[in-house]
Every structure is written in structure tokens, then in C-alpha cells.
Amino acid sequence: MDPAWYLRRLSAMGPAEIAGRATEALRKQQWRGVARQKASWLPHRAFPPFTPVTGVAGVSEEARRELLATAERLMDGHAEYFGVERADLVAPDWAFDPKTGRRAPGEAYSFDIAYRSEDTVGDIKQIWEPSRHQHLTVLAAAYALTGDDRYAHRVADHLKSWWVANPPMRGVHWLSGIELGIRLLSWVWVRRLLDGWAGAPGLFEDNPEALHQIWHHQRWLAAFPSRGSSANNHVIAEDAGQLAAACAFDWFPESPAWREAAMRSLDTQLQANTFASGLNRELATEYHGLVLELGLAAALEAGAVVPESTWLVLRRMCDALASIVDAELRPPRQGDADDGYGLVVDGAGVSRWASLLATGDALFGRCEWWPEVAGGDVRTALFSTLAKVPALEGTRPPRRPDDLFDAGLTILRTPSGEPGEIWCRCDGGPHGFLAIAAHAHADALSLEVRHDGVDILADPGTYCYHGEPEWRSYFRSTLGHNTLELGGTDQSASGGPFLWTRHANTRTLAVGPVRWRAEHDGYAPAVHRRCVELAGRTLTVVDEVESGTPLPARLVFHLGPLVEVSLDGAVAKLAWPGHTAALELPGGLAWTAHRGETNPPLGWYSAGFGRREPATTLVGQGFITEPLTTVLRFT
């Protein structure tokens, strides 16, 4: 990063955080000799017994097929990471990035490596993701279901290979706490799912190399916690991995202290990262899923030592997720998304969100208004047998909340049971979480509209973090969302790929069953005000700008990838399989359609991290002198 970025980053920190980071920087230099230190472990080591047959008894035949299909693909050496197909996973090179063809330094002291530089390491996420070892939890789950030793032997081969290739404090896998935390959680579940295999003790508790690695991972997490303006989903992953390992791998003199500190921090950070309504404060839906997965896995591991406050936050998060999903159990596509999972034990075809709701039902019980979920996924079956959630105090929403007021997220939808659900998310919440709002987008007052789960007015997604700055800027820009841009600039000011230096302030003015109204000051002294109303099968959007002088404006609507568009003046005819709609656009603007443009980027949809596909974007340009009315009629 350039020196100006460091100055902007420092401006987002308070004095205590700056002092803490200065101390941490010194500690990182002092740790050069830590790798040579040897762990000491207790003479009597055992892993809590687990009976695989009992743990997988509730798995449906469909979930079983999905898991085994994914496992066989992995056995053949194939997997996809962020849109890049890999065929080298029989014996992977843990430092190789197949996207750029580069190989990260393997022998260098970890904290000396410029991991944000694609010229130095390649695409760091392509390297980090396989080393979360979530493909190994899939293989271990396949062993638990079948008893087939092939899966267990492949897991053992990969772990031994990784431990040899990544000694403590050498290479890129000792740089980020979230990576170490998730990797520890994977190791815990690998050991559990291999419990019926004769080689499991020799791979873990009776293996000095494994003990050495586990100890160094936990020592690292205790020394370098995320702090201050970075205490977001990263600190949850660090605490979850540390807590799970300290409970399951309690083989070291330090284990009780690590367990106590991680439990205390996890409880504090879950509350700090979660609105009272239950939504994650980063306002990035995929991170809600990540934090919920991590929190549940860690709490179930810790069992009796978990305070009620932790369980209450996790239950609220389940209720919030149930309240915002559409008819196909898809939540909003709000904010950043990088396909990050806390724990993976299911096949690739299993819905993450349906699985989380099924797990929430199994652990906490479902509210009467929750959507129906088939269940039968592997995670729910395993979690249900691991531990019991104690009876909890407190009330739960008596009916489905449509307005999560503290998060500024409002859902307008047609009545339950009516065919062809129209679902509309309205964004009237804070820009993001903490001073840097790392995973926020400049999307104040933006909309998402779906018909029976199909994206009609779509949030384009995220696509990338590092390596392609023009695309990173586009997908998080105001132009990249269904809202109004003024003066050719974003509502909030970016200071880097995970840093916002000025945040638009949004205020919800009115919410009703079918109507929402809000405003923001991102273009102060001008104020953008938007009203959305869903009446029957017609959605009406009215945009107003309160300003002393007319400002150049671009009103933007991004259509989903399945939607075909025919634009005639200020009317767009929309069609997708089996359905049509008409989008009547404000006549005071000049409307153009864009699709798959690259210079600059415009007209794209990212279904997942590292993947993008052309989709139509409608842009209306002009000066706003009166309210702009847009009407979407579903036929």
C-alpha cells in the first residue's frame, strides 16, 4: 500500500489502537525466533469420543449424495476456488496461485512478506482458501458417512504435506488471524469426523508435528488479536478457532487460559458485532452467515462454559436470517461477499442458508413464522448430536419482522402464500461497521427486487478484493447499485479497498407494511430522499433531491442476469423464464442500456467471488429539477 493509504488508515484509529498496533509491530519483529521454540504438551492426551454413525443418522439421502459427489471430485484432485478450476489437489502446492501462475515465498519470515502485492505472492485469496482445509472437513465427513478409508488417507496426506510445507512463521499462511482461526476449527472437525479411523490418534494427539502446529497456531492467535477498527468478522474467526481448539485439543498447559480468554472475547465480540435485531453490524449478508457459522461451531464445542448471552446472540442471528430471506431462502446480497464459510461439512449443492435455518431450528426451535426448511443437511445432523443448548430466557419476535430498524434494513413483500412472491429490500441503514466500514458499499437507499427468488433489480455483488482495483471500485460504488448518483461521485468516500474515509448518514423516515421512505446526506448540502411503495404487483419508487441548484445525476437500475431487456425511450420491457414485467422510467432523464462494458466497467453481475457475467444496467442521465418516479409492473 502507498504511504497515503497508511495515513488514511491511521486517521481511522484512536490513540489506544495506534499504541496497540505499534506494540504489535514491535512484537512481530521479536517473533523471528519463536518458530524455533518447541511446544510442551501434557502426558495424557485424548480426544472427546464421537460416534460417526450417531452423528450422521439424520442426514437425508439427497445431502448424502451431494457430499459424496463433492468428495469424489476432491479425490480426483478437482475443486473450484473463486471461479478458478483446479485439477492439482491430489498433491497440492500450498503456496501456488493458479490464477496468476505465481508462487508465494515459502521460506521467508511471514511478517516480511508483502502479501497484498500480487507481484510478490499472486492472488493471496487463491492461496489462502485451500489452506483453510475445508475440503478436508468434506472428505472427513465422507469418511464418517461411509467408513471408506480412502477419504481418511487423503486427509492425512494433505495435513502431513501442509505441516511440512508451512513451518511456524514461514510463508504466507502465518499472516492473517482469520486464516489460522478457521484452519484450527477445520482441524477440530477433521479429528472428530475421523474418530472411527484407526489412524486418527496417530495423526493428531500422538503426532509431535501436529501438536507443534496446533500449539503454534493457538499461541499466534493469543499474541496477535484483531483490534479496534479491525475487530469485525476477523476477530470472531480468531476467537472461534481458539476456543474450539482449546476445548477439543486441551493437550497443553496453556489450554485452560486460552479457553477462558477466547470464550470471554467471543461473547464480547459477538455482542459488539450484532445489532439488537440480530443482523450482523457489517451489513454484509455473507458475513452474517460466516459469523453465525463460526459462533455456533465454537459455542457447541465449549458447551457448559458458554454464557447465556452468547446463545442469545446466536438465536437472534437465526431469527434475523429467517426474517429477511425470500421465497427461495435467499437473503439479501448486501455489502461485500467473498464466499467465506466458517465450517464446511456438506456437498457443494447444499444451500448454505437453508442449512443454517435448519441448524437454528434444531438448536433453538423455530418461530411459528419461520419459512419451512426441509433439513437433512450434514451440518445440522452433526451439530444436533454434539451438545444441547440450555433453556434460554428472553422473548423472540411473535411475527416475521419486516423492518430491522437498527440495521436500517426493510423488506417489502407480497403476502405469504400468494403465488409469485415479490420481495424488495430497501437500504436505509448505517454505511458500515466501525471507523473503516471495511465491507461496506456506497449503496445508501439502494434496492433489490426479486420475483420468486429471481433477481429482477439486482445488487451486482462484489467480484474481487485485491489485484483488480478498477473492478473493486466499480462493484462497491454508488454507480454499481440501484440508487441515485449525484455529481459523478460516490455517496461515501473510499480511502482504499477496505477503507472508507467519509460515511454517508442515512435516516429512515417512515416504514409501513407496503411503504418505506428514507434519506441520506452523502452529497451534503444536497439531500437524496427516496420513497418505495409496493401496492399489489406494482412497485413505485420516487426519488427527490433537495438542493439549492440542480446537480448532474445518474439514476441506475441493474437487472439480474436472467432478465432480458428491451428499452424503448423511457420504458423497458423485462422478460425472464415464464414471466414479464414493465419498467416505466422517469421521462426527464436520458436512458441508455449497458451490458458487459469494460472501459469503464458497467453492466455486470457477480454471482460469487472471482466470477462475473454480463447483465443489463439501465442508466438515466440528466439534471434533477423535480421528483423522479419509476414504476415496476409485474404482469
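Which side chain is joined to that of Asp543 by a polar contact of 2.8 Å? The partner is His528. The structure is a predicted model.

**Asp543**
- Asp543 belongs to strand S14, which spans residues 538-546.
- With a relative accessibility of 1%, Asp543 counts as buried, because buried means under 20%.
- Besides the 2.8 Å contact with His528, the side chain of Asp543 makes a polar contact of 2.6 Å with the side chain of Arg530.
- Apart from neighbours within four places in sequence, the residues in contact with Asp543 are His528, Arg529, Arg530, Leu555, Pro627 and Leu628.

- Trp220 sits in helix H11, residues 208-223, and is buried at a relative accessible area of 3%.
- The side chain of Trp220 comes to 3.1 Å from the backbone oxygen of Trp174.
- Once neighbours within four places in sequence are left aside, Trp220 is in contact with Trp31, Phe111, Met169, Trp174, Leu175, Ser176, Gly177 and Leu180.
- One of these contacts, Met169, lies in the loop between helix H8 (149-165) and H9.
- Met169 is buried too, with a relative accessible area of 1%.
- Although Met169 is not a glycine, its phi is positive, at about 65°.
- The C-alpha atoms of Trp220 and Pro614 are 43 Å apart, and 394 residues separate the two along the chain.

- The axes of H9 (residues 177-193) and H14 (residues 285-302) come within 12 Å and cross at roughly 55°, which makes H9 oblique to H14.
- The crossing of H9 and H14 is left-handed.
- On the H9 side, Ile182, Leu185, Val188, Trp189 and Arg192 take part, and they meet Leu294, Ala297 and Glu301 of H14.
- Sorted by class, the H9 contact with H14 comprises six nonpolar residues, no polar residues and two charged residues.
- The axes of H14 and helix H16 (residues 352-364) come within 11 Å and cross at roughly 40°.
- The crossing of H14 and H16 is also left-handed.
- H14 contributes Thr285, Glu286, Gly289, Leu290, Leu292, Glu293, Leu296 and Leu300 to this contact, while H16 contributes Arg352, Trp353, Leu356, Thr359, Leu363 and Phe364.
- The H14 contact with H16 has eight nonpolar, three polar and three charged residues.
- His288 is a residue of H14 and is buried, with a relative accessible area of 3%.
- Not counting residues up to four places away in sequence, His288 touches Gly278, Leu279, Asn280, Met317, Ala320 and Leu321.

**Backbone features in loops**
- Most residues other than glycine have a negative phi, and most peptide bonds are trans.
- Tyr463 is not a glycine, yet has a positive phi of about 75°.
- Tyr463 is in the loop between strand S7 (454-457) and helix H18 (469-475), and at 8% relative accessibility counts as buried.
- The peptide bond that joins Ala524 and Pro525 is cis, with an omega of about 10°.
- Pro525 is located in the loop between strand S12 (515-520) and strand S13 (527-535).
- A cis peptide bond also runs from Asn599 to Pro600, with omega near 0°.
- Pro600 is placed in the loop between strand S20 (597-598) and strand S21 (601-602).

Definitions and conventions
Residues numbered from 1 in each chain as written. Predicted model: local features only at pLDDT ≥ 70, side-chain atom pairs only at ≥ 80, totals over all residues. Heavy atoms only, no water. Helix = DSSP H or I, 4+ residues; strand = E, 2+ residues; numbered from the N terminus. Buried < 20%, exposed > 50% of the residue type's maximum accessible area, 1.4 Å probe, protein only. Polar contact = N/O pair within 3.5 Å; in protein donor to acceptor, adjacent residues only side chain to side chain. Contact = heavy atoms within 4.5 Å. Axes fitted to C-alpha atoms, helices over the stretch in contact; angles between N-to-C directions. Parallel < 35°, antiparallel > 145°, perpendicular 65-115°, else oblique. Left-handed = near helix turned anticlockwise from the far one by under 90°. Nonpolar A, V, L, I, M, F, W, Y, C, P; charged D, E, K, R; others polar.
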